Amino acid sequence: MRFFSLLALAIGASAAATGAVERRGPPPPPPPPGPKKCLKKPDVDFLVAAYKSILTNWTPDKANLIADNGFFDYSDSINTVAGLPTGFPIFPNKTAFVGYESTTPDNIPLVVVEVGPYNCEQITVIWSATFTKVPGGTPSPVRGITVLEGVFDEHKHQWEIQSIKVEFNSINYYKNTGGVCTRPAPPS
Ligand SMILES: *[C@@H]1O[C@H](CO)[C@@H](O)[C@H](O)[C@H]1NC(C)=O
């Protein structure tokens, strides 16, 4: 008895489902886009390694690690070292960034000191680089903090750097590139 009533229920249900499929009307709306992909620890490690690699040993293939659209690099430290006004992105797009790295790569021995907190799309990195571009010069340590923004490229199926915001010890960087700073006299 119980079996037959269950069977009747099942048949009724599939008949109703078939009816629903055959009903005429406007097509259903497309499904909403999937949830935005969030960074997980392996993705964080990948992007931090990508950043380190770009700054340590630039090669043209590394342009692939930079998002094609909407990329920027903001750093008042870089603007200051370069003797430019502050308050605007030094590299407002990928072309500008890749062009710079291709002609005058940073190639500094960047050591990741600490990968700080991260969230769905941002990563904090504390780094240090001790170097000098001056022959016979004294290398000074440059410590910096970078906030990397990541984006998942659905076509290439890989994470890429969407933006870089970085500030660092620009006095030491400046000295390491041959700049000279004079400390002001103490107040009398
Ligand atoms: C990229 O930025 C540079 C400024 O550094 C600008 O001259 C150039 O027009 C920009 N290119 C594109 C494609 O937006």
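# A tour of the predicted model

Start by selecting the ligand: Pro-92, Asn-93 and Ala-96 surround it, where a residue is near a molecule if one of its heavy atoms lies within 4 Å of it. Next, select Asn-93, which has a polar side-chain atom 2.4 Å from an oxygen atom of the ligand. The ligand has 370 Å² of accessible area on its own, and the protein covers 30% of that. Accessible areas come from the Shrake-Rupley method with a 1.4 Å probe, and for residues only the protein chains shown count as cover.

This is a predicted model, in which local features need pLDDT of at least 70 and side-chain atom pairs count only at pLDDT 80 or more, while totals for chains, interfaces and linings use all residues. Residues are numbered from 1 along each chain as its sequence is written, and side-chain values use heavy atoms, with hydrogens and water left out.

**The whole chain**

Now show the protein chain as a cartoon. The chain has five helices and five strands, in the order α-α-β-α-α-β-β-β-β-α from the N terminus. These are DSSP runs numbered from the N terminus, with helices (H or I) of at least four residues and strands (E) of at least two. Switch to a surface: the accessible surface of the protein chain is about 11900 Å², and carbon and sulfur atoms hold 64% of it. Of the 188 residues in the chain, 31% are buried; buried means under 20% relative accessible area, exposed over 50%, and partly exposed in between (1.4 Å probe, protein chains only).

**The core**

Hide the surface and select Tyr-51, Ile-54, Ile-123, Trp-127, Ile-161 and Ile-164, the residues with the most contacts inside the largest nonpolar core, which has 33 residues. The elements giving two or more residues to this core are α2 (41-56), α4 (94-103), β3 (122-131), β4 and β5 (158-168). The largest share, seven residues, comes from α2. A nonpolar core is a set of buried Ala, Val, Leu, Ile, Met, Phe, Trp, Tyr and Cys residues joined through side-chain atoms within 4.5 Å. In soluble globular proteins, nonpolar side chains tend to be buried together.

Stay on Tyr-51. Not counting residues up to four places away in sequence, Tyr-51 touches Leu-110, Trp-127, Thr-146, Leu-148, Ile-161, Ile-164 and Val-166; contact means heavy atoms within 4.5 Å.

**Strand β4**

Select Ser-140, which lies in strand β4 (residues 140-153). Ser-140 is buried, at a relative accessible area of 15%. Beyond neighbours within four places in sequence, Ser-140 contacts Ala-129, Thr-130, Phe-131, Asn-172 and Asn-176.

**The disulfide**

Select Cys-38 and Cys-120, whose sulfur atoms are 1.8 Å apart and form a disulfide, defined as a pair of cysteine sulfur atoms within 2.5 Å. The link is left-handed, with -90° about the S-S bond. Cys-38 sits in the loop between α1 (2-22) and α2, and Cys-120, 82 residues away, in the loop between β2 and β3. Cys-38 is partly exposed, at 35% relative accessibility.

**Two loop residues**

Finish with Asn-107, in the loop between α4 and β2 (110-118). Asn-107 is not a glycine, yet has a positive phi of about 40°. Is Asn-107 buried or partly exposed? Asn-107 counts as partly exposed, at 35% relative accessibility. Then select His-157, in the loop between β4 and β5. His-157 has a positive phi of about 55° and is not a glycine either. His-157 counts as exposed, at 59% relative accessibility.

Definitions and conventions
A polar contact is a pair of N or O atoms within 3.5 Å; within protein, one must be able to donate a hydrogen and the other to accept it, and residues adjacent in sequence count only if both atoms are side-chain atoms.
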